[in-house]
Amino acid sequence: MLQGYDRGWLRHDIVAGLVLTTMLVPVGIAYAVASGVPGIYGLYATIVPLFVYALFGPSRILVLGPDSSLAAVILAVVLPLSAGDSMRAVALASAMAIVSGIVCIGAGLARLGFVTELLSKPIRYGYMNGIALTVLLSQLPKFLGFSVEGVGPLRDIWAIGNGIINGRVNWVAFGVGAATLAVIFILKRFKVVPGILIAVIGATAVVGIFGLSENAGVSVLGPLPQGLPAFEVPWISTADFSAVLSGGLAVALISFADTSVLSRAYAARTRTYVNPNQELIGLGAANFATGFFQGFPISSSSSRTPVAEAAGAKTQMTGVVGAIAVALLIIAAPNLLQHLPMSALAAVVIASAIGLIEVKDLIRIYHMQKWEFWLSMLCFAGVAVFGAIQGIALAVIVAVIEFLWDAWRPHFAILGRAEGVKGYHDVVRYPQARQVPGLVLFRWDAPLFFANAELFQQSVIASVENSRTPVRWVVVAAEPVTSVDVTAADVVAELDSTLREAGIELLFAELKDPVKDKLKRFGLLTTLGEQSFFPTVGAAVSAYLDTYPVDWVDWEDRRP
(Lines give C-alpha, C1' and ligand atoms only; values in the text may rest on other atoms or scores of the structure.)
Protein backbone atom coordinates (compact mmCIF):
# COMPACT_ATOMS: atom_id res chain seq x y z
CA MET A 1 0.00 0.00 0.00
CA LEU A 2 2.83 2.37 0.85
CA GLN A 3 4.57 1.66 -2.48
CA GLY A 4 1.56 3.01 -4.35
CA TYR A 5 0.62 5.63 -1.77
CA ASP A 6 -0.50 8.97 -3.22
CA ARG A 7 0.87 11.90 -1.18
CA GLY A 8 -2.42 13.67 -1.72
CA TRP A 9 -4.12 11.02 0.42
CA LEU A 10 -2.06 11.81 3.53
CA ARG A 11 -4.03 14.91 4.49
CA HIS A 12 -7.31 13.01 4.17
CA ASP A 13 -6.00 10.05 6.20
CA ILE A 14 -4.70 12.29 9.00
CA VAL A 15 -7.97 14.23 9.28
CA ALA A 16 -10.01 11.00 9.15
CA GLY A 17 -7.76 9.44 11.80
CA LEU A 18 -8.26 12.36 14.18
CA VAL A 19 -12.03 12.35 13.60
CA LEU A 20 -12.04 8.59 14.16
CA THR A 21 -10.24 9.04 17.49
CA THR A 22 -13.26 10.90 18.86
CA MET A 23 -15.17 7.60 18.65
CA LEU A 24 -12.33 5.21 19.42
CA VAL A 25 -11.80 6.43 22.97
CA PRO A 26 -15.33 6.41 24.46
CA VAL A 27 -16.39 3.31 22.55
CA GLY A 28 -13.22 1.40 23.47
CA ILE A 29 -13.70 2.15 27.16
CA ALA A 30 -17.41 1.35 27.05
CA TYR A 31 -16.93 -2.04 25.35
CA ALA A 32 -14.13 -2.94 27.77
CA VAL A 33 -16.40 -2.36 30.76
CA ALA A 34 -19.21 -4.27 28.99
CA SER A 35 -16.76 -7.16 28.47
CA GLY A 36 -15.90 -7.34 32.16
CA VAL A 37 -12.43 -5.72 32.11
CA PRO A 38 -11.24 -2.24 33.23
CA GLY A 39 -11.72 0.59 30.75
CA ILE A 40 -8.02 1.19 29.99
CA TYR A 41 -7.79 -2.24 28.37
CA GLY A 42 -10.39 -1.16 25.83
CA LEU A 43 -7.90 1.47 24.67
CA TYR A 44 -5.15 -1.15 24.54
CA ALA A 45 -7.48 -3.32 22.45
CA THR A 46 -7.97 -0.31 20.16
CA ILE A 47 -4.34 0.67 19.59
CA VAL A 48 -2.77 -2.72 18.79
CA PRO A 49 -5.36 -4.03 16.25
CA LEU A 50 -5.24 -0.81 14.22
CA PHE A 51 -1.47 -1.14 13.79
CA VAL A 52 -1.52 -4.88 13.08
CA TYR A 53 -4.45 -4.80 10.65
CA ALA A 54 -2.72 -2.03 8.71
CA LEU A 55 0.11 -4.55 8.10
CA PHE A 56 -1.93 -7.68 7.40
CA GLY A 57 -5.46 -6.62 6.48
CA PRO A 58 -6.59 -6.40 2.84
CA SER A 59 -9.37 -3.80 3.26
CA ARG A 60 -8.42 -0.19 2.64
CA ILE A 61 -10.70 1.51 5.17
CA LEU A 62 -12.04 -1.20 7.52
CA VAL A 63 -11.67 -0.20 11.19
CA LEU A 64 -11.00 -2.92 13.79
CA GLY A 65 -11.40 -2.73 17.55
CA PRO A 66 -13.61 -3.70 20.51
CA ASP A 67 -17.16 -4.47 19.40
CA SER A 68 -20.52 -4.80 21.11
CA SER A 69 -21.30 -8.08 19.33
CA LEU A 70 -18.38 -9.72 21.17
CA ALA A 71 -19.02 -8.20 24.60
CA ALA A 72 -21.61 -10.80 25.63
CA VAL A 73 -19.34 -13.70 24.64
CA ILE A 74 -16.31 -12.27 26.47
CA LEU A 75 -18.38 -11.44 29.55
CA ALA A 76 -19.87 -14.97 29.62
CA VAL A 77 -16.33 -16.36 30.06
CA VAL A 78 -14.70 -13.62 32.11
CA LEU A 79 -17.38 -12.88 34.70
CA PRO A 80 -17.82 -16.34 36.29
CA LEU A 81 -14.12 -17.30 36.12
CA SER A 82 -12.50 -14.05 37.29
CA ALA A 83 -14.41 -13.93 40.61
CA GLY A 84 -14.05 -10.15 40.74
CA ASP A 85 -10.28 -10.17 40.12
CA SER A 86 -9.74 -7.57 37.38
CA MET A 87 -6.26 -8.79 36.43
CA ARG A 88 -7.49 -12.36 36.09
CA ALA A 89 -10.33 -11.04 33.93
CA VAL A 90 -7.77 -9.35 31.67
CA ALA A 91 -5.73 -12.57 31.39
CA LEU A 92 -8.83 -14.61 30.48
CA ALA A 93 -9.96 -12.06 27.88
CA SER A 94 -6.45 -11.84 26.40
CA ALA A 95 -6.24 -15.63 26.17
CA MET A 96 -9.56 -15.63 24.29
CA ALA A 97 -8.11 -13.12 21.83
CA ILE A 98 -5.10 -15.39 21.22
CA VAL A 99 -7.34 -18.43 20.66
CA SER A 100 -9.51 -16.45 18.27
CA GLY A 101 -6.42 -15.19 16.44
CA ILE A 102 -4.96 -18.68 16.01
CA VAL A 103 -8.30 -20.01 14.72
CA CYS A 104 -8.69 -17.17 12.20
CA ILE A 105 -5.09 -17.36 10.98
CA GLY A 106 -5.34 -21.14 10.61
CA ALA A 107 -8.63 -20.87 8.76
CA GLY A 108 -7.18 -18.22 6.46
CA LEU A 109 -4.10 -20.29 5.63
CA ALA A 110 -6.38 -23.28 4.98
CA ARG A 111 -8.47 -21.09 2.66
CA LEU A 112 -11.62 -21.51 4.71
CA GLY A 113 -12.87 -18.00 4.09
CA PHE A 114 -16.12 -19.40 2.73
CA VAL A 115 -17.10 -21.00 6.05
CA THR A 116 -19.22 -18.12 7.33
CA GLU A 117 -21.32 -18.33 4.18
CA LEU A 118 -22.78 -21.53 5.65
CA LEU A 119 -24.64 -19.38 8.19
CA SER A 120 -27.86 -18.33 6.51
CA LYS A 121 -29.30 -14.85 7.00
CA PRO A 122 -32.12 -15.99 9.36
CA ILE A 123 -29.60 -17.82 11.55
CA ARG A 124 -27.30 -14.78 11.66
CA TYR A 125 -30.25 -12.58 12.58
CA GLY A 126 -31.26 -15.01 15.30
CA TYR A 127 -27.95 -15.19 17.12
CA MET A 128 -27.18 -11.48 16.66
CA ASN A 129 -30.61 -10.53 18.08
CA GLY A 130 -29.91 -12.88 20.98
CA ILE A 131 -26.49 -11.31 21.56
CA ALA A 132 -28.05 -7.83 21.38
CA LEU A 133 -30.55 -8.83 24.09
CA THR A 134 -27.76 -10.31 26.23
CA VAL A 135 -25.71 -7.11 25.91
CA LEU A 136 -28.73 -4.94 26.74
CA LEU A 137 -29.50 -6.93 29.87
CA SER A 138 -25.86 -6.91 31.00
CA GLN A 139 -25.73 -3.09 30.73
CA LEU A 140 -29.16 -2.29 32.13
CA PRO A 141 -28.08 -2.47 35.82
CA LYS A 142 -25.21 0.02 35.20
CA PHE A 143 -27.69 2.17 33.27
CA LEU A 144 -29.98 2.15 36.32
CA GLY A 145 -27.13 2.81 38.74
CA PHE A 146 -26.73 -0.51 40.57
CA SER A 147 -25.02 -3.87 40.10
CA VAL A 148 -26.31 -7.45 39.97
CA GLU A 149 -24.79 -10.89 40.44
CA GLY A 150 -26.69 -12.62 37.64
CA VAL A 151 -24.83 -14.53 34.93
CA GLY A 152 -26.89 -15.11 31.82
CA PRO A 153 -29.95 -13.38 30.34
CA LEU A 154 -32.62 -15.10 32.46
CA ARG A 155 -30.75 -14.55 35.73
CA ASP A 156 -30.06 -10.95 34.70
CA ILE A 157 -33.78 -10.32 34.16
CA TRP A 158 -34.57 -11.77 37.58
CA ALA A 159 -31.82 -9.78 39.30
CA ILE A 160 -32.76 -6.53 37.53
CA GLY A 161 -36.41 -6.99 38.44
CA ASN A 162 -35.50 -7.56 42.10
CA GLY A 163 -33.24 -4.50 42.07
CA ILE A 164 -36.00 -2.27 40.71
CA ILE A 165 -38.62 -3.64 43.14
CA ASN A 166 -36.27 -3.24 46.12
CA GLY A 167 -35.62 0.41 45.26
CA ARG A 168 -31.96 0.10 44.31
CA VAL A 169 -32.26 2.36 41.26
CA ASN A 170 -30.05 5.47 41.40
CA TRP A 171 -32.32 7.92 39.62
CA VAL A 172 -29.56 10.49 39.09
CA ALA A 173 -27.34 7.91 37.37
CA PHE A 174 -30.33 6.74 35.36
CA GLY A 175 -31.07 10.34 34.30
CA VAL A 176 -27.48 10.84 33.16
CA GLY A 177 -27.56 7.57 31.21
CA ALA A 178 -30.94 8.29 29.66
CA ALA A 179 -29.82 11.77 28.58
CA THR A 180 -26.65 10.28 27.07
CA LEU A 181 -28.67 7.69 25.17
CA ALA A 182 -31.09 10.34 23.91
CA VAL A 183 -28.27 12.56 22.61
CA ILE A 184 -26.65 9.60 20.82
CA PHE A 185 -29.88 8.74 19.03
CA ILE A 186 -30.74 12.36 18.19
CA LEU A 187 -27.30 13.02 16.67
CA LYS A 188 -27.05 9.63 14.99
CA ARG A 189 -28.79 10.90 11.86
CA PHE A 190 -25.96 13.43 11.29
CA LYS A 191 -23.03 11.32 10.04
CA VAL A 192 -20.46 14.10 10.27
CA VAL A 193 -21.37 14.91 13.90
CA PRO A 194 -19.55 12.80 16.56
CA GLY A 195 -22.69 12.08 18.55
CA ILE A 196 -21.13 9.57 20.94
CA LEU A 197 -18.26 11.93 21.76
CA ILE A 198 -20.63 14.86 22.39
CA ALA A 199 -22.90 12.74 24.59
CA VAL A 200 -20.00 11.32 26.61
CA ILE A 201 -18.29 14.70 27.08
CA GLY A 202 -21.60 16.23 28.15
CA ALA A 203 -22.27 13.49 30.69
CA THR A 204 -18.69 13.71 32.04
CA ALA A 205 -18.90 17.50 32.36
CA VAL A 206 -22.23 17.38 34.21
CA VAL A 207 -21.00 14.74 36.68
CA GLY A 208 -17.68 16.55 37.24
CA ILE A 209 -19.12 20.08 37.61
CA PHE A 210 -21.91 19.11 40.00
CA GLY A 211 -19.88 16.50 41.89
CA LEU A 212 -22.53 13.84 41.29
CA SER A 213 -20.07 11.07 42.13
CA GLU A 214 -19.70 12.30 45.71
CA ASN A 215 -23.12 13.96 46.16
CA ALA A 216 -25.43 11.49 44.39
CA GLY A 217 -23.50 8.22 44.36
CA VAL A 218 -23.08 8.16 40.59
CA SER A 219 -20.45 5.54 39.72
CA VAL A 220 -17.64 6.92 37.52
CA LEU A 221 -14.73 5.50 35.54
CA GLY A 222 -11.99 7.03 37.65
CA PRO A 223 -8.46 7.94 36.48
CA LEU A 224 -6.91 5.69 33.86
CA PRO A 225 -3.44 4.19 34.40
CA GLN A 226 -0.74 6.08 32.55
CA GLY A 227 1.28 4.16 29.99
CA LEU A 228 1.09 2.14 26.80
CA PRO A 229 0.18 -1.56 26.53
CA ALA A 230 3.10 -3.83 27.42
CA PHE A 231 3.91 -7.31 26.14
CA GLU A 232 2.52 -9.84 28.59
CA VAL A 233 1.73 -13.55 28.27
CA PRO A 234 -1.81 -14.17 29.61
CA TRP A 235 -1.29 -17.17 31.89
CA ILE A 236 -4.48 -19.03 32.75
CA SER A 237 -5.13 -22.20 34.75
CA THR A 238 -5.89 -25.54 33.12
CA ALA A 239 -9.36 -25.41 34.69
CA ASP A 240 -10.11 -22.27 32.65
CA PHE A 241 -8.83 -23.65 29.37
CA SER A 242 -12.04 -25.28 28.08
CA ALA A 243 -14.12 -22.15 28.71
CA VAL A 244 -11.48 -19.91 27.08
CA LEU A 245 -11.21 -22.27 24.11
CA SER A 246 -14.97 -22.41 23.50
CA GLY A 247 -15.23 -18.64 23.98
CA GLY A 248 -12.34 -18.01 21.58
CA LEU A 249 -13.95 -20.23 18.93
CA ALA A 250 -17.26 -18.39 19.32
CA VAL A 251 -15.50 -15.04 19.03
CA ALA A 252 -13.67 -16.19 15.88
CA LEU A 253 -16.96 -17.19 14.26
CA ILE A 254 -18.80 -13.98 15.12
CA SER A 255 -15.93 -11.63 14.34
CA PHE A 256 -15.19 -13.14 10.95
CA ALA A 257 -18.87 -13.34 10.03
CA ASP A 258 -19.24 -9.62 10.78
CA THR A 259 -15.89 -8.67 9.25
CA SER A 260 -16.43 -10.60 6.02
CA VAL A 261 -19.83 -8.98 5.43
CA LEU A 262 -18.57 -5.48 6.21
CA SER A 263 -15.37 -5.98 4.23
CA ARG A 264 -17.24 -7.15 1.12
CA ALA A 265 -19.66 -4.22 1.40
CA TYR A 266 -16.87 -1.63 1.48
CA ALA A 267 -14.87 -3.45 -1.18
CA ALA A 268 -17.85 -3.09 -3.49
CA ARG A 269 -18.18 0.59 -2.65
CA THR A 270 -14.48 1.31 -3.21
CA ARG A 271 -14.35 -1.03 -6.24
CA THR A 272 -11.48 -3.05 -4.82
CA TYR A 273 -11.15 -6.81 -4.41
CA VAL A 274 -10.74 -8.20 -0.90
CA ASN A 275 -9.50 -11.75 -0.49
CA PRO A 276 -11.65 -13.40 2.24
CA ASN A 277 -8.79 -15.69 3.26
CA GLN A 278 -6.45 -12.72 3.68
CA GLU A 279 -9.23 -11.02 5.64
CA LEU A 280 -9.21 -13.99 8.00
CA ILE A 281 -5.44 -13.73 8.40
CA GLY A 282 -5.60 -9.97 9.01
CA LEU A 283 -8.35 -10.36 11.61
CA GLY A 284 -6.52 -13.27 13.21
CA ALA A 285 -3.19 -11.42 13.37
CA ALA A 286 -4.90 -8.42 15.00
CA ASN A 287 -6.53 -10.63 17.65
CA PHE A 288 -3.38 -12.67 18.23
CA ALA A 289 -1.21 -9.59 18.77
CA THR A 290 -3.84 -7.91 20.95
CA GLY A 291 -3.90 -10.93 23.25
CA PHE A 292 -0.19 -10.48 24.01
CA PHE A 293 -0.56 -6.74 24.71
CA GLN A 294 -3.23 -6.87 27.44
CA GLY A 295 -6.14 -6.54 25.06
CA PHE A 296 -9.23 -8.64 24.47
CA PRO A 297 -11.00 -10.05 21.36
CA ILE A 298 -11.80 -7.53 18.65
CA SER A 299 -13.72 -7.39 15.39
CA SER A 300 -14.54 -4.96 12.61
CA SER A 301 -16.77 -2.06 13.51
CA SER A 302 -19.92 -1.23 11.58
CA SER A 303 -20.14 2.10 13.45
CA ARG A 304 -16.54 3.37 13.32
CA THR A 305 -15.82 2.30 9.72
CA PRO A 306 -18.54 4.60 8.29
CA VAL A 307 -17.11 7.45 10.40
CA ALA A 308 -13.69 6.88 8.83
CA GLU A 309 -15.22 6.75 5.36
CA ALA A 310 -17.31 9.89 5.89
CA ALA A 311 -14.20 11.71 7.18
CA GLY A 312 -12.39 10.96 3.92
CA ALA A 313 -10.23 7.93 4.79
CA LYS A 314 -8.25 6.63 1.83
CA THR A 315 -6.11 3.87 3.33
CA GLN A 316 -5.26 2.07 6.58
CA MET A 317 -3.09 5.07 7.47
CA THR A 318 -6.32 6.41 8.98
CA GLY A 319 -6.28 3.62 11.56
CA VAL A 320 -2.58 4.17 12.26
CA VAL A 321 -3.20 7.87 12.92
CA GLY A 322 -6.13 6.97 15.19
CA ALA A 323 -3.98 4.48 17.13
CA ILE A 324 -1.21 7.06 17.61
CA ALA A 325 -3.74 9.65 18.80
CA VAL A 326 -5.22 7.24 21.37
CA ALA A 327 -1.73 6.34 22.60
CA LEU A 328 -0.84 10.02 23.04
CA LEU A 329 -4.06 10.54 25.01
CA ILE A 330 -3.15 7.74 27.42
CA ILE A 331 0.34 9.19 27.95
CA ALA A 332 -0.53 12.89 28.12
CA ALA A 333 -4.03 13.03 29.65
CA PRO A 334 -4.98 9.82 31.48
CA ASN A 335 -7.26 11.73 33.90
CA LEU A 336 -9.29 13.42 31.19
CA LEU A 337 -12.20 10.99 31.53
CA GLN A 338 -12.04 10.24 35.27
CA HIS A 339 -15.54 11.70 35.83
CA LEU A 340 -17.07 9.68 32.99
CA PRO A 341 -20.23 8.09 34.53
CA MET A 342 -20.69 4.33 34.15
CA SER A 343 -24.33 4.87 33.21
CA ALA A 344 -23.15 6.93 30.22
CA LEU A 345 -20.80 4.12 29.17
CA ALA A 346 -23.73 1.71 29.50
CA ALA A 347 -25.75 4.03 27.26
CA VAL A 348 -23.03 3.86 24.58
CA VAL A 349 -23.13 0.04 24.63
CA ILE A 350 -26.93 -0.07 24.73
CA ALA A 351 -27.13 2.21 21.68
CA SER A 352 -24.78 -0.09 19.82
CA ALA A 353 -26.68 -3.22 20.91
CA ILE A 354 -29.96 -1.73 19.69
CA GLY A 355 -28.25 -1.24 16.34
CA LEU A 356 -27.59 -4.99 16.20
CA ILE A 357 -31.30 -5.84 16.42
CA GLU A 358 -32.97 -6.81 13.15
CA VAL A 359 -36.78 -6.80 13.00
CA LYS A 360 -37.84 -5.44 9.61
CA ASP A 361 -36.11 -8.09 7.52
CA LEU A 362 -37.30 -10.85 9.86
CA ILE A 363 -40.88 -9.77 9.20
CA ARG A 364 -40.15 -10.01 5.47
CA ILE A 365 -38.70 -13.50 5.98
CA TYR A 366 -41.79 -14.50 7.99
CA HIS A 367 -44.05 -13.60 5.08
CA MET A 368 -41.76 -15.28 2.55
CA GLN A 369 -40.87 -18.51 4.34
CA LYS A 370 -42.17 -19.11 7.85
CA TRP A 371 -39.92 -22.07 8.74
CA GLU A 372 -36.80 -19.94 8.24
CA PHE A 373 -38.31 -17.27 10.49
CA TRP A 374 -38.87 -19.85 13.25
CA LEU A 375 -35.35 -21.13 12.68
CA SER A 376 -34.16 -17.61 13.46
CA MET A 377 -36.33 -17.53 16.57
CA LEU A 378 -34.81 -20.84 17.71
CA CYS A 379 -31.30 -19.38 17.48
CA PHE A 380 -32.48 -16.23 19.26
CA ALA A 381 -34.01 -18.29 22.06
CA GLY A 382 -30.83 -20.38 22.30
CA VAL A 383 -28.69 -17.31 22.97
CA ALA A 384 -31.30 -15.69 25.24
CA VAL A 385 -31.90 -18.79 27.37
CA PHE A 386 -28.57 -20.60 27.44
CA GLY A 387 -26.16 -17.69 26.95
CA ALA A 388 -24.04 -16.32 24.14
CA ILE A 389 -21.54 -19.16 23.70
CA GLN A 390 -24.07 -22.00 23.97
CA GLY A 391 -26.48 -20.10 21.74
CA ILE A 392 -23.85 -19.61 19.06
CA ALA A 393 -22.97 -23.31 19.24
CA LEU A 394 -26.68 -24.04 18.74
CA ALA A 395 -26.74 -21.66 15.75
CA VAL A 396 -23.81 -23.49 14.15
CA ILE A 397 -25.47 -26.88 14.71
CA VAL A 398 -28.75 -25.61 13.27
CA ALA A 399 -26.86 -24.16 10.28
CA VAL A 400 -25.24 -27.53 9.55
CA ILE A 401 -28.59 -29.32 9.90
CA GLU A 402 -30.25 -26.76 7.63
CA PHE A 403 -27.45 -27.20 5.09
CA LEU A 404 -27.76 -30.99 5.15
CA TRP A 405 -31.55 -31.11 5.20
CA ASP A 406 -32.09 -29.83 1.66
CA ALA A 407 -29.55 -32.32 0.32
CA TRP A 408 -30.70 -35.09 2.68
CA ARG A 409 -34.31 -35.03 1.51
CA PRO A 410 -34.09 -33.34 -1.89
CA HIS A 411 -36.77 -32.87 -4.50
CA PHE A 412 -37.03 -35.47 -7.25
CA ALA A 413 -39.43 -35.83 -10.15
CA ILE A 414 -40.78 -38.17 -12.82
CA LEU A 415 -40.55 -36.44 -16.20
CA GLY A 416 -42.90 -36.40 -19.14
CA ARG A 417 -43.55 -34.50 -22.38
CA ALA A 418 -45.95 -31.56 -21.99
CA GLU A 419 -47.73 -30.07 -24.99
CA GLY A 420 -46.44 -26.65 -25.98
CA VAL A 421 -43.38 -26.78 -23.70
CA LYS A 422 -39.98 -27.85 -24.92
CA GLY A 423 -38.07 -30.51 -23.00
CA TYR A 424 -39.24 -32.95 -20.33
CA HIS A 425 -40.93 -31.74 -17.17
CA ASP A 426 -42.27 -32.85 -13.78
CA VAL A 427 -45.54 -34.75 -14.30
CA VAL A 428 -46.81 -33.41 -10.95
CA ARG A 429 -46.59 -29.83 -12.19
CA TYR A 430 -47.76 -30.83 -15.68
CA PRO A 431 -50.50 -33.43 -15.06
CA GLN A 432 -51.25 -33.72 -18.79
CA ALA A 433 -47.63 -34.56 -19.62
CA ARG A 434 -47.27 -37.86 -21.50
CA GLN A 435 -44.75 -40.55 -20.55
CA VAL A 436 -43.09 -42.93 -22.96
CA PRO A 437 -44.46 -46.46 -22.31
CA GLY A 438 -41.85 -48.60 -20.56
CA LEU A 439 -39.50 -45.67 -19.92
CA VAL A 440 -39.11 -43.90 -16.56
CA LEU A 441 -37.37 -40.53 -16.70
CA PHE A 442 -36.26 -39.84 -13.12
CA ARG A 443 -34.70 -36.50 -12.13
CA TRP A 444 -32.69 -36.16 -8.88
CA ASP A 445 -32.28 -32.53 -7.79
CA ALA A 446 -29.23 -32.73 -5.49
CA PRO A 447 -25.71 -34.09 -5.12
CA LEU A 448 -25.77 -37.83 -4.49
CA PHE A 449 -23.99 -38.67 -1.23
CA PHE A 450 -24.13 -40.90 1.83
CA ALA A 451 -27.05 -39.11 3.52
CA ASN A 452 -29.49 -39.33 0.59
CA ALA A 453 -28.27 -42.41 -1.32
CA GLU A 454 -30.81 -44.75 0.29
CA LEU A 455 -33.63 -42.33 -0.49
CA PHE A 456 -32.42 -42.17 -4.08
CA GLN A 457 -32.56 -45.96 -4.37
CA GLN A 458 -35.98 -46.19 -2.74
CA SER A 459 -37.38 -43.40 -4.92
CA VAL A 460 -36.18 -45.01 -8.16
CA ILE A 461 -37.65 -48.38 -7.19
CA ALA A 462 -40.93 -46.68 -6.17
CA SER A 463 -41.10 -44.92 -9.55
CA VAL A 464 -40.75 -48.29 -11.29
CA GLU A 465 -43.44 -49.86 -9.13
CA ASN A 466 -45.82 -46.95 -9.73
CA SER A 467 -45.35 -46.93 -13.50
CA ARG A 468 -48.56 -47.51 -15.49
CA THR A 469 -46.69 -49.72 -17.96
CA PRO A 470 -44.03 -52.43 -17.49
CA VAL A 471 -40.66 -50.69 -17.28
CA ARG A 472 -37.70 -51.56 -19.51
CA TRP A 473 -35.44 -48.55 -18.92
CA VAL A 474 -34.89 -46.13 -16.03
CA VAL A 475 -33.04 -43.02 -17.18
CA VAL A 476 -31.76 -40.74 -14.40
CA ALA A 477 -31.78 -37.11 -15.56
CA ALA A 478 -28.60 -36.26 -13.67
CA GLU A 479 -27.86 -32.65 -14.61
CA PRO A 480 -28.54 -31.41 -11.01
CA VAL A 481 -26.20 -34.08 -9.58
CA THR A 482 -23.02 -32.09 -8.93
CA SER A 483 -21.18 -34.72 -6.90
CA VAL A 484 -21.18 -38.35 -5.81
CA ASP A 485 -19.32 -40.14 -3.03
CA VAL A 486 -18.24 -43.73 -2.48
CA THR A 487 -21.32 -44.67 -0.45
CA ALA A 488 -23.65 -43.33 -3.12
CA ALA A 489 -21.68 -45.09 -5.87
CA ASP A 490 -22.06 -48.40 -4.06
CA VAL A 491 -25.80 -47.79 -3.68
CA VAL A 492 -26.07 -47.06 -7.42
CA ALA A 493 -24.27 -50.35 -8.15
CA GLU A 494 -26.69 -52.15 -5.85
CA LEU A 495 -29.65 -50.45 -7.54
CA ASP A 496 -28.34 -51.44 -10.98
CA SER A 497 -28.09 -55.06 -9.84
CA THR A 498 -31.63 -55.00 -8.42
CA LEU A 499 -33.10 -53.53 -11.60
CA ARG A 500 -31.19 -55.92 -13.85
CA GLU A 501 -32.67 -58.87 -11.96
CA ALA A 502 -36.09 -57.44 -12.86
CA GLY A 503 -35.06 -57.05 -16.51
CA ILE A 504 -34.70 -53.27 -16.27
CA GLU A 505 -31.71 -51.21 -17.41
CA LEU A 506 -30.39 -48.25 -15.37
CA LEU A 507 -29.02 -45.39 -17.48
CA PHE A 508 -27.98 -41.77 -17.00
CA ALA A 509 -28.45 -38.60 -19.04
CA GLU A 510 -26.73 -35.19 -18.82
CA LEU A 511 -24.26 -36.38 -16.16
CA LYS A 512 -21.49 -33.80 -15.71
CA ASP A 513 -17.99 -34.85 -16.70
CA PRO A 514 -16.41 -34.29 -13.24
CA VAL A 515 -19.08 -36.56 -11.70
CA LYS A 516 -18.53 -39.11 -14.45
CA ASP A 517 -14.80 -39.01 -13.70
CA LYS A 518 -15.58 -39.89 -10.08
CA LEU A 519 -17.73 -42.83 -11.17
CA LYS A 520 -14.81 -44.00 -13.27
CA ARG A 521 -12.46 -43.86 -10.26
CA PHE A 522 -15.01 -45.76 -8.19
CA GLY A 523 -15.21 -48.49 -10.85
CA LEU A 524 -18.89 -47.85 -11.52
CA LEU A 525 -18.35 -46.82 -15.13
CA THR A 526 -17.12 -50.32 -15.91
CA THR A 527 -20.10 -51.87 -14.13
CA LEU A 528 -22.68 -49.77 -15.97
CA GLY A 529 -20.86 -49.52 -19.30
CA GLU A 530 -20.19 -46.45 -21.46
CA GLN A 531 -23.42 -47.11 -23.41
CA SER A 532 -25.40 -46.33 -20.25
CA PHE A 533 -24.63 -42.59 -20.46
CA PHE A 534 -26.38 -40.13 -22.80
CA PRO A 535 -25.56 -36.48 -23.43
CA THR A 536 -29.21 -35.36 -23.13
CA VAL A 537 -32.57 -36.70 -22.01
CA GLY A 538 -33.79 -36.34 -25.60
CA ALA A 539 -30.94 -38.55 -26.83
CA ALA A 540 -31.86 -41.19 -24.23
CA VAL A 541 -35.52 -41.12 -25.31
CA SER A 542 -34.52 -41.43 -28.98
CA ALA A 543 -32.27 -44.41 -28.19
CA TYR A 544 -35.11 -46.08 -26.28
CA LEU A 545 -37.55 -45.56 -29.17
CA ASP A 546 -34.98 -47.01 -31.61
CA THR A 547 -34.60 -50.07 -29.37
CA TYR A 548 -38.25 -50.79 -28.53
CA PRO A 549 -41.26 -50.37 -30.82
CA VAL A 550 -43.83 -48.50 -28.69
CA ASP A 551 -46.96 -46.53 -29.40
CA TRP A 552 -45.54 -43.05 -29.02
CA VAL A 553 -45.92 -39.83 -31.01
CA ASP A 554 -44.15 -36.74 -29.70
CA TRP A 555 -46.08 -33.48 -29.38
CA GLU A 556 -43.44 -31.86 -31.57
CA ASP A 557 -44.13 -34.41 -34.33
CA ARG A 558 -47.84 -33.54 -34.39
CA ARG A 559 -47.23 -29.91 -35.33
CA PRO A 560 -48.13 -29.05 -38.98
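**View 1. Arg443 is partly exposed, with a relative accessible area of 23%.** Welcome to this predicted model; we start with a pair of charged side chains. Arg443 forms a salt bridge with Asp445, and their closest N and O atoms are 2.8 Å apart. Asp445 is also in view here, and it counts as partly exposed because its relative accessible area is 26%.

**View 2. Lys516 and Glu530 meet in a salt bridge.** The closest N and O atoms of this pair are 3.5 Å apart. Lys516 sits in helix H20 (residues 513–521), while Glu530 belongs to the loop between helix H21 (524–528) and strand E8 (533–534). The two residues are 14 residues apart, and their pairing links distant parts of the chain. With a relative accessible area of 22%, Lys516 is partly exposed.

**View 3. Lys121, Asp361 and Arg364 belong to one network.** Salt bridges that share partners join these residues. For context, the structure holds seven salt bridges.

**View 4. A salt bridge brings Arg304 and Asp67 together.** Here the N to O distance between the side chains is 4.0 Å. Arg304 lies in helix H12 and Asp67 in the loop between strand E1 (64–65) and helix H3 (68–82), so the pair ties together parts that are 237 residues apart in sequence. Are these two partners buried or exposed? Arg304 counts as buried, because its relative accessibility is 0%. Asp67 is buried as well, with a relative accessible area of 10%.

**View 5. Gly312 lies in the loop between helix H12 (304–310) and helix H13 (317–332).** Look for Asp13 in this view: Gly312 and Asp13 are 299 residues apart in sequence, yet their C-alpha atoms are 6.8 Å apart in space. Leaving aside residues up to four places away in sequence, Gly312 touches His12 and Ala16.

**View 6. Helix H1 (residues 7–34) packs with helix H14.** How are the two helices set against each other? Their angle is about 90° and their axes are 9 Å apart, so H1 and H14 are roughly perpendicular to each other. On the H1 side, the contact is made by Pro26, Val27, Ile29, Ala30, Tyr31, Val33 and Ala34. H14 contributes Met342, Leu345, Val348, Val349 and Ser352.

**View 7. A nonpolar patch on the surface includes Ile354.** Ile354 is found in helix H14 (residues 342–356), and it counts as partly exposed because its relative accessibility is 36%. The patch is formed by Phe185, Ile354, Ile357, Val359 and Ile363. Together, these residues have about 390 Å² of accessible area.

Methods: Residues numbered from 1 in each chain as written. Predicted model: local features only at pLDDT ≥ 70, side-chain atom pairs only at ≥ 80, totals over all residues. Heavy atoms only, no water. Patch = residues over 30% accessible without salt bridge, like charges linked within 9 Å, V, L, I, M, F, W, Y side chains within 5 Å. Areas by Shrake-Rupley, 256 points an atom, 1.4 Å probe, with all protein chains shown as cover. Helix = DSSP H or I, 4+ residues; strand = E, 2+ residues; numbered from the N terminus. Buried < 20%, exposed > 50% of the residue type's maximum accessible area, 1.4 Å probe, protein only. Axes fitted to C-alpha atoms, helices over the stretch in contact; angles between N-to-C directions. Parallel < 35°, antiparallel > 145°, perpendicular 65-115°, else oblique. Contact = heavy atoms within 4.5 Å.
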